[in-house]
Amino acid sequence: MSAIIFILCLAFLIIVHEFGHFLAAKKSGMKVEEFGVGLPPRIWGTKKGETIYSINALPFGGFVKIYGEDGSYENEENSFSAKKPAVRLKVLLAGIAMNLIVGIILLGVGFNIGIPALATEDNMPYLQDIKLSILEVQKDSPAAMAGLKTGDRILEVSRGDEKISLPTVEELQSFTKKWGGEEINLKVERGKESFEIKATPRKNFEENQGALGIAIGETGILKYPFFQSIWEAIKGGFSIFINVFIGLFLFLKNLIINGQMMGEVAGPVGIVALGGQTVKMGIGYLIQFLATLSIYLAAFNLIPFPALDGSRALFVLIEKIRGKAVPAKVENLIHSLGFVILIGLVIVVTFHDILNLF
C-alpha cells in the first residue's frame, strides 16, 4: 500500500510537468491534440474543444501531444513548428519550471509543518526532537547485516549493565569501538515504531568506515515560522537544483577518469522502494522526498540529452543562432536514438535496483 501511494505521488509530479507544457502551449495559441493521464493504451477519453483528455492504462505519469511538435504543419498558425523560437522555447521549458515551482511549494509546506533535517549551527534554533540518526549504511557492514537502515534514529545503546540513552556521535563511536567483536543492543526508532536490534561491531576496520559501518549525525524536525519557511524553501529549492548539476559533473568526471560509478544510482524500482519506506516514516518525510524528487525531475529534464526537454530546447537555440532550423528528420532521429539509450539505461539501472532488493 505504501508503494502504491508513492507511485500515485510520483505520477502526480510527472503530470504536473506535462501540465506545464499544456498550459504554455494553450496560452501560446498552439493546438493541443491530447492531454493524457497515464501512458497508452487508452482506457477512456473525452474531447473538449480541440483537445482529447484521456485516462490511460499504464499509471506512470502522463503526456501532452502538441500539434506539429514533430516539425510538421509549419505553415499552420496553431502548429508548434510554426511558432517563433522564443515561443517554442517557453513551451519546452514550462514543464521544467512547473516541477521546480511545485518542489519549492512542497518544501515551503514541509518547512512550515516540520521536516527532518541534519542539525547545523544555522538551523539549531528551529530544530525540535534532536536525536542521533543513521545517515548512511555501508553495504555488507555489520549494520547492514543487522538490519539497520538509513533514517533510523538511535535511542539507546547497551551491552550488559552498560547503557547509554540518547547517545551523542562521540559516545556511540567510543562504545562500538570498545565492544568490537562483541554483540551489542541498539534501540532504534523507525518512523513511528521503536524496537531493538542486535549487532556486532567490527574489531578491525579501515579508516573512515567505523566499527558498525554507518555514517551518523544529529537530526531533528525542522520547523520555520510561516514567512521564513517561504524564503528557506526558495533558497533550498535552488540549492538542490544547482547541486544536481554539480553531482552529475562529479559523477561523469569519476566515471571517465577512474572508470567507476560514484555512489548509488537509483532507477524507477529503487525510487519506488525508497518512496514506499518514506511513506511509512510520516508526512514530513514524504513531503521532503517529493519536493526533492520534483526538483530533481526539473534539473534532469534540463540536461541537453537527446529526447529530454533540454535537448529540444538546445535545438531551438541552435535554430535561433543559425537563422534556420535543423532538418526535422535529423532532429527526430537524434531524439529517437536518445530515447532508446535512455530506455536502455533505465532497464540496466532497474535490473540493479531489483538485485538490491534481495
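These questions and answers go through how the labels on this predicted model are reached.

Q: How do you know which parts of the model to trust, and what is the mean pLDDT of the protein?
A: The mean pLDDT is 87, and 91% of the residues reach 70 or more, where pLDDT is the predictor's confidence in each residue, from 0 to 100. Confidence is highest in helix 2, at 95, and lowest in helix 6 (residues 268–281), at a mean of 66. Where pLDDT is low, the predicted coordinates should not be read in detail. This is a predicted model, in which local features need pLDDT of at least 70, side-chain atom pairs count only at pLDDT 80 or more, and totals for chains, interfaces and linings use all residues. Residues are numbered from 1 along each chain as its sequence is written, and side-chain values use heavy atoms, with hydrogens and water left out.

Q: What makes up the secondary structure of the protein?
A: It comes to nine helices and nine strands. Helices (H or I, at least four residues) and strands (E, at least two) are DSSP runs, numbered from the N terminus.

Q: Why is S158 called buried?
A: Buried means under 20% relative accessible area, exposed over 50%, and partly exposed in between (1.4 Å probe, protein chains only). S158 has 10% relative accessibility, so it counts as buried. This residue lies in strand 5 (residues 153–159). Leaving out residues up to four places away in sequence, S158 touches K163, F175, I184 and N185; contact means heavy atoms within 4.5 Å.

Q: What is G147 in contact with, leaving aside its neighbours within four places in sequence?
A: Its partners are D152, R190 and I197. The C-alpha atoms of G147 and I197 are separated by 7.6 Å, though the two residues are 50 residues apart along the chain.

Q: How do you know that strand 9 pairs with strand 3 and strand 4?
A: Two strands pair if DSSP finds at least two bridges between them. Four bridges join strand 3 (residues 115–118) to strand 9 (residues 214–222), and eight join strand 4 (residues 127–137) to strand 9, so both cases meet the definition of pairing. Strands 3 and 9 run antiparallel, as do strands 4 and 9. The bridge partner of P116 is I221, and that of E136 is A215.

Q: How do you know that the length of helix 5 agrees with its number of residues?
A: The expected span is 1.5 Å times one less than the number of residues. For the 33 residues of helix 5 (residues 226–258) that should be 48 Å, and the end C-alpha atoms are 46 Å apart, which agrees. Buried residues of helix 5 include S229, F241 and N254. The buried residues of this helix pack against helix 2 (85–113) and helix 7.

Q: What makes the backbone at D140, A307 and P40–P41 worth a look?
A: Most residues other than glycine have a negative phi, and most peptide bonds are trans. Phi of D140 is near 65 degrees, and A307, which is not a glycine, has a positive phi of about 90 degrees. A cis peptide bond joins P40 and P41, with omega about 15 degrees.
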